[in-house]
Amino acid sequence: QVRLVESGGGLVQAGGSLRLSCAASGRTDKDYPMAWFRQAPGKERNFVAGISTNGVSTYYTDSVKGRFTVSRDNAENTVYLQMNSLKPEDTAVYYCAAGRIYGTWDYWGQGTQVTVSS
């Protein structure tokens, strides 16, 4: 089992920045592909960004390209999401996920709230 804990959410004005962290614990003897998802009130959970086990490959949904950066520190078992130029439409609960295979997400964190005011 892998336990994921997100942190770093909060309230920020439009145009501001936040950095989310996702710390993994438990069975971390191997590295997993990781991803960030978000869920706005009344909407489904959607993919935001993903990263391969070695961090070489990253993936983003179109709406965050050029503004968000996903990275990881395998020595610290932590994945990050740097969010710049935030917009009110970025407001959501952000979740990190890990999977044995990229695209199949077996483990989820509890989420962290990001609120962007206009």
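**View 1. Cys 96 is a buried residue in this predicted model.** The relative accessible area of Cys 96 is 1%. That value falls under the 20% limit, so Cys 96 counts as buried. Cys 96 belongs to strand 9, which covers residues 92–98.

**View 2. A disulfide ties Cys 96 to Cys 22.** The two sulfur atoms lie 1.9 Å apart. A disulfide is a covalent bond between the sulfur atoms of two cysteines. The link of Cys 22 and Cys 96 is right-handed, with 50 degrees about the S-S bond. Distant parts of the chain are linked here: Cys 22 sits in strand 3 and Cys 96 in strand 9, 74 residues apart. Searching the whole structure turns up one disulfide. Cys 22 is buried too, because its relative accessibility is 0%.

**View 3. Strand 3 pairs with strand 1.** Strand 3 spans residues 18–26. Strands 1 and 3 run antiparallel and are joined by six bridges. Within this pairing, Leu 4 stands opposite Ala 24 of strand 3. Strands of a sheet pair through backbone hydrogen bonds.

Terms used. Residues are numbered from 1 along each chain as its sequence is written. This is a predicted model: local features need pLDDT of at least 70, side-chain atom pairs count only at pLDDT 80 or more; totals for chains, interfaces and linings use all residues. Side-chain values use heavy atoms; hydrogens and water are left out. Two strands pair if DSSP finds at least two bridges between them. Helices (H or I, at least four residues) and strands (E, at least two) are DSSP runs, numbered from the N terminus. A disulfide is a pair of cysteine sulfur atoms within 2.5 Å. Buried means under 20% relative accessible area, exposed over 50%, partly exposed in between (1.4 Å probe, protein chains only).
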